[in-house]
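Student: Could you walk me through this structure and show me how to read its features one at a time?

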Amino acid sequence: MLGAGFGGLELSTMLAEELGDQVEVTLIDRNDSFAFGYSKLDMMFRGVSLESVSLPYSKVVKPGVTLVREEIRSIDAESRSVETDSGTLEGDVMVIALGADYDLEATPGLAEHGTEFYSFAGARDAAGPVASFSSGHAVVGVCGAPFKCPPAPSECALMLSDELTRRGVRGDCEITLTMPLGSPVPPSPETSAALMSEFEARGITFRGGLRPVRLEPGLVIYEDGTELPFDLFLGIPKHRAPDVVIDSGITEHGYVPVEPATLKTKFEGVYAVGDVANAEVPKAGVFAEGAARVVAKRVIAQVTGGDAPPPFDGKASCYIEFGEERIARVDIDFLSGPERTGEFNAPSQELRQEKSDFGSSRRARWFGL
Ligand SMILES: Cc1cc2nc3c(=O)[nH]c(=O)nc-3n(C[C@H](O)[C@H](O)[C@H](O)COP(=O)(O)OP(=O)(O)OC[C@H]3O[C@@H](n4cnc5c(N)ncnc54)[C@H](O)[C@@H]3O)c2cc1C
């Protein structure tokens, strides 16, 4: 099992629950802990430290599961084996769940003249410039699509507006959100409309269809020639599969192609789930989890001789920070019906509790905390 993020943790938990010691699961990750992606926003706007949101892998104690803390250096999908610093590991089944990496160099000047908040280090580093920003123009800019958690850039713009209001400087600041997509959350017109009216109420400018090609000091230049001056640039870097996955020759158009219904790659016994795969669903933890469940059920059926599980339905719910401590929810269904749908649930305090329960249920299930 390559990668102990949303996908890897859910898959190993299901296998441990259903099969226990009947199978040997080796879960490989280079980090010593996991944290939820949404904690990055808490680090930027709520003064939360990375240490306080990190869940240590040492707490993952499950029958049949061994956690190996190693960097994966190469992947051979034909032989279902990987090289790490301490040697070769191979299996009867291999599941690639290594997530998506960021390609800062794809947007020259982003690292030098802007900030990015999609990595934990980036979110920690962006917290300072956010806290000291008190006048001028802030641009939240998405540098490429697809990108993780499609509502997150909108959440960032709304939380920034709240933060500036709290400090009494909102009137001295302008906020613009730019995206290559035409609307904030394209699969859910209802969610996009609700976000647009929230932006309007708070004086946030949304500009869709814009992709930055480079940043200069205080200036972002877009593909169509548009130029926006900025005092603070909060960037979402272009995404791609990790180098080790690309170098193994199993990607197409930047990601691992899979059959969406089964998550199978073209290699026998090799699956890919989550952000690293192109399963025709958004890049979000909840979809990585759903895909991992389908693969787990397939492996369980293989071991126990049961029937193959139903296909991956591409259904999941994402929580959206709407500002003023309210949370909305969008229920996405990408694969079960003839059309992609995204049903919007209006922001409320109750949904804040639901989001908090989402986090604590995973903490308990995966880490026993
Ligand atoms: C600001 C922000 C907010 C978000 N909010 C939400 C949200 O509210 N809900 C939601 O569902 N999703 C959210 N997401 C998205 C979510 O974090 C990701 O989509 C999710 O983590 C993907 O899960 P995954 O299992 O595919 O990969 P990951 O969780 O990224 O896990 C991949 C693992 O592979 C490991 N790895 C990578 N390369 C190697 C290597 N060479 N050797 C060893 N280990 C390696 C990494 O250390 C990592 O632990 C958010 C993301 C961001 C940036």
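**Reading the model step by step**

Tutor: We start with the domains: the protein chain is divided into domain 1 (6–100 + 241–312) and domain 2 (104–239). Keep in mind that this is a predicted model.

Student: How many Å apart are the C-alpha centres of domain 1 and domain 2?

Tutor: The C-alpha centres of the two domains lie 30 Å apart. For the contact between them, 13 residues of domain 1 touch 18 residues of domain 2. On the domain 1 side, helix α2 (residues 39–45) gives the largest share, 5 residues. Sorted by class, that side of domain 1 has 9 nonpolar, 1 polar and 3 charged residues.

Student: Which residues have the most contacts inside the largest nonpolar core?

Tutor: They are L263, V273, V276 and V295, in a core of 108 residues. Helix α9 (residues 285–304) supplies the largest share of this core, with 8 residues.

Student: Why does this core lie between domain 1 and domain 2?

Tutor: Because domain 1 (6–100 + 241–312) and domain 2 (104–239) both give residues to the core. To see one of its residues up close, take V276 and leave aside its neighbours within four places in sequence. V276 is then in contact with I96, A97, L98, G99, A100, A241, V245, Y255 and V256.

Student: Now the sheets, please. What is the general idea?

Tutor: Strands of a sheet pair through backbone hydrogen bonds, and the pairing is either parallel or antiparallel.

Student: Which order do the strands of the open sheet of 5 strands have?

Tutor: The order is β10-β17-β11-β12-β13, and the pairing is parallel. At the edges are β10 (115–116) and β13 (204–207), each of which pairs on one side only.

Student: Which strands does helix α6 lie across?

Tutor: Helix α6 (residues 152–166) lies across β11 (136–142), β12 (173–178), β13 and β17. The direction of α6 is at about 175° to β12.

Student: What is the order of the open sheet of 3 strands?

Tutor: That sheet has the order β14-β15-β16, with antiparallel pairing. Its edge strands are β14 (212–216) and β16 (227–229), each pairing on one side only. On average, neighbouring strands of this sheet are turned by 20° against each other, direction ignored. Strand β15 (residues 219–222) is joined to β16 by 3 bridges, and the two run antiparallel. Within that pair, V220 stands opposite L228 in β16.

Student: Through how many residues does a hairpin join β6 to β7?

Tutor: Through 2 residues. Here too the strands run antiparallel: 4 bridges join β6 to strand β7 (residues 87–90). Two pairs to find on your screen: S81 has E90 as its bridge partner in β7, and E83 stands opposite T88 in β7.

Student: Last one: is G323 buried or exposed?

Tutor: The idea is to count the C-beta atoms around a residue, with 20 or more others within 10 Å making it buried. G323 has 22 other C-beta atoms within 10 Å, so G323 is buried. This residue is found in strand β22 (residues 315–323).

Student: Which residues is G323 in contact with, leaving aside its neighbours within four places in sequence?

Tutor: G323 is in contact with L158, M159, S161, D162 and E198.

Conventions. Residues numbered from 1 in each chain as written. Predicted model: local features only at pLDDT ≥ 70, side-chain atom pairs only at ≥ 80, totals over all residues. Pairing = 2+ DSSP bridges. Axes fitted to C-alpha atoms, helices over the stretch in contact; angles between N-to-C directions. Domains from an automatic or database assignment. Contact = placed C-beta atoms within 7 Å. Nonpolar A, V, L, I, M, F, W, Y, C, P; charged D, E, K, R; others polar. Core = buried A, V, L, I, M, F, W, Y, C linked by C-beta atoms within 7 Å. Buried ≥ 20, exposed ≤ 12 C-beta atoms within 10 Å, placed from the backbone.
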